[in-house]
Amino acid sequence: MDVRETALVDLAADAATLMDRRLADRGRIDFDRILVRTRDLLASDRSTLEAVRRRIRVLIVDEFQDVDPVQQQIAYLVGDPDSGSPETPRLMLVGDPKQSIYRFRRADVTVWSAVERDFRERELGLEIGRAHV
């Protein structure tokens with residue numbers, strides 16, 4: 001990295017540290033941290049994951065083209081595409097990759113492509129519908 005890039009990285013790291021401190025001092029949490037903590041809890045605590053799964057029959061994620069990688073991981077944890085068990089919620093992802101608009105908040109349309117590829121490779125009954133007006 002050149003001097004400018006290094007300065008920007010240092011500034012970003014300082015800002016992140018300051019944000020962490022301010023949130024902690026106020027006993028608050030931001031949206032990104034809620035997502036990360038949710039994913040981490042579901043991934044590490046089997047009883048919590050099972051309790052969530054018992055409450056959901058079908059997990060519908062609308063506007064899936066606007067999810068970020070952490071949100072995709074949460075959907076996969078809850079809907080577990082590999083399980084094949086009737087006890088696991090059915091995972092239904094709805095969206096149109098041509099309409100992705102939330103990149104500014106870490107939405108990543110490549111998640112859509114990766115999930116589509118993943119479902120095809122696992123032969124998981126991918127349905128691609130086309131809306132007609």
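In this predicted model, the side chain of Gln65 makes a polar contact with the side chain of Glu63, at 2.6 Å, and a further polar contact, at 3.4 Å, links the side chain of Gln65 to that of Asp66. Gln65 lies in the loop between strand 1 and helix 4. With a relative accessible area of 1%, Gln65 is classed as buried, because that class takes in residues under 20%.

The largest nonpolar core comprises 17 residues, among which Leu59, Val61, Phe64, Leu91 and Val115 touch the most other members. At least two residues of this core are supplied by each of helix 2 (31-44), strand 1 (58-61), helix 4 (69-79) and helix 5 (109-122), and the most is given by helix 4, which contributes five residues. In soluble globular proteins, nonpolar side chains tend to be buried together. When neighbours within four places in sequence are left aside, Val115 is found in contact with Phe64, Gln72, Tyr76 and Leu93.

Nonpolar residues also occur on the surface, where Val58, Ile60, Met92 and Val94 form a patch whose accessible area amounts to about 310 Å² together.

How values were computed. Residues are numbered from 1 along each chain as its sequence is written. This is a predicted model: local features need pLDDT of at least 70, side-chain atom pairs count only at pLDDT 80 or more; totals for chains, interfaces and linings use all residues. Side-chain values use heavy atoms; hydrogens and water are left out. A nonpolar core is a set of buried Ala, Val, Leu, Ile, Met, Phe, Trp, Tyr and Cys residues joined through side-chain atoms within 4.5 Å. Buried means under 20% relative accessible area, exposed over 50%, partly exposed in between (1.4 Å probe, protein chains only). Helices (H or I, at least four residues) and strands (E, at least two) are DSSP runs, numbered from the N terminus. Contact means heavy atoms within 4.5 Å. Patches are made of residues with over 30% relative accessible area and no salt bridge: like charges are joined within 9 Å, nonpolar side chains (Val, Leu, Ile, Met, Phe, Trp, Tyr) within 5 Å. Accessible areas come from the Shrake-Rupley method with a 1.4 Å probe; for residues, only the protein chains shown count as cover. A salt bridge is a side-chain nitrogen of Lys or Arg within 4 Å of a carboxyl oxygen of Asp or Glu. A polar contact is a pair of N or O atoms within 3.5 Å; within protein, one must be able to donate a hydrogen and the other to accept it, and residues adjacent in sequence count only if both atoms are side-chain atoms.
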